[in-house]
Amino acid sequence: MRKTAFVVLALALVGIVAAAGCISTETQSPAGDWYVPGTDITMTITPDGSVSGHAPVNLFFGTCVIDGEKLTFNLASTEMAGEGLDAEIAFFEAINSVDSFKIENGKLVLMSEGKEVLTFAEALVGTFVTEDGITVTFNKDMTFGGNGPVNSFSGEYAYTENGIEFINVAVTQAFGSEEDMAAEAAFLAALAEAKTFSVENGKLTLGKLTLTASVVGNWMTVDGITLTLAEDGTFAGQAPVNNYFGEYEVNDGKVTFKNVASTKMMGAEEAMAAEDAFFTALAENTFAAGQFLTADGITFIRT
């Protein structure tokens, strides 16, 4: 598992970057969760241009700017020593040189002066559920956890050159009906044997397993507003000042929020205005569900 470093290296890796960073509205967008096959390198690009990820040793974060097919990064990283620093230096040098991108066969290809320097594949992040109701959540820190009919399970996963592998899998030791225990054992065996994965149209194919994407889990906006979507159709979160809560529905990949309510604390005028605008947008918009929860002016990112 990765160690978190607390010393931040304020190192700008790109010299010319617009102040806020923006993502193109073109269909071909680099927004998403990505990884470099065969490495520990991951990267998330949000629709508003925020960037974060894991290099071979350190965490990195910052912004990116897109102008058509042009792309530049402005990043900083934590500062931690460890094995893999040579690979990390090579990665930062490569991403520092990036000036354009293309999406090709579902992969994000980063270019420098017309030459390919880094190729990312779509990462496995999010919550998925089987037809039997077994859920599994894949986190950005390369850990996973879930619940079967009887037991909960957890572990770590790593990307390989051609797919994925699962390690350090742990399972609780409760007992249930023979049918439930058999279903759970079959799922865990298939999970352990899975070496490949693909996500397409909201379906995760993981070895022999097929799961459906779920919006259940924890989300956050780039401004720090949190949102937790529970399996029972309720939600809760922390806005700039108040806690908020209510119910939600999912239909055809769209999420709508109902009966939005909040606590009644008072805060700074600016924070209260931002919060009121957020609550209004939450109640009046339909959100597209996928790698992000998005509506006009609001983007939630999985945490």
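Where is Gly32 found? I located Gly32 in strand β2, which covers residues 32–35. Strands (E, at least two residues) and helices (H or I, at least four) are DSSP runs, numbered from the N terminus.

**Entry 1: the model**

I noted that this is a predicted model, in which local features need pLDDT of at least 70 and side-chain atom pairs count only at pLDDT 80 or more, while totals for chains, interfaces and linings use all residues. Residues are numbered from 1 along each chain as its sequence is written, and side-chain values use heavy atoms, with hydrogens and water left out.

**Entry 2: Gly32**

Buried means under 20% relative accessible area, exposed over 50%, and partly exposed in between, with a 1.4 Å probe and protein chains only.

I then looked up the contacts of Gly32, where contact means heavy atoms within 4.5 Å. Not counting residues up to four places away in sequence, Gly32 touches Met43, Thr44, Ile45, Gln291 and Phe292. I also recorded that Gly32 and Glu200 lie 168 residues apart in sequence and 14 Å apart in space, C-alpha to C-alpha.

**Entry 3: the barrel**

I followed Phe292 into strand β24 (residues 292–295), which pairs with β23 in the antiparallel sense over two bridges. Two strands pair if DSSP finds at least two bridges between them. Ala289 stands opposite Leu293 of β24, and a hairpin through two residues joins β23 to β24.

On to β25: β24 pairs with β25 in the antiparallel sense over four bridges. The bridge partner of Phe292 in β25 is Ile301. These two strands form a hairpin with two residues between them, and Gly297 in the turn has a positive phi of about 85 degrees.

Which strands make up the closed barrel? I traced eight strands in the order β18-β19-β20-β21-β22-β23-β24-β25, with antiparallel pairing. From one strand to the next, the twist averages 30 degrees. Helix α3 (residues 269–284) packs on this sheet and touches β20, β21, β22, β23 and β25. The direction of α3 makes about 135 degrees with that of β22; axes are lines fitted to C-alpha atoms, for helices over the stretch in contact, and angles run from 0 to 180 degrees between N-to-C directions.

At β18 (residues 217–220), I found antiparallel pairing with β19 (residues 226–229) over four bridges. Here Asn218 has Thr228 in β19 as its bridge partner.

I placed Leu204 in strand β16, residues 203–206. Leu204 counts as buried because its relative accessibility is 0%. Leaving aside neighbours within four places in sequence, its contacts include Leu124, Phe128, Phe138 and Phe197. The C-alpha atoms of Leu204 and Leu124 are separated by 8.9 Å, although the two residues are 80 residues apart along the chain.

I found β16 in an open sheet of eight strands, ordered β14-β13-β12-β11-β10-β17-β16-β15, with antiparallel pairing. Which are its edge strands? They are β14 (164–171) and β15 (197–200), each of which pairs on one side only. Neighbouring strands of this sheet are turned by 25 degrees against each other on average, direction ignored.

Strand β13 (residues 152–159) pairs with β14 in the antiparallel sense over six bridges, and the bridge partner of Phe153 in β14 is Val171. Helix α2 (residues 178–193) packs on the sheet, touching β12, β13, β14, β16 and β17, and its direction makes about 95 degrees with that of β17.
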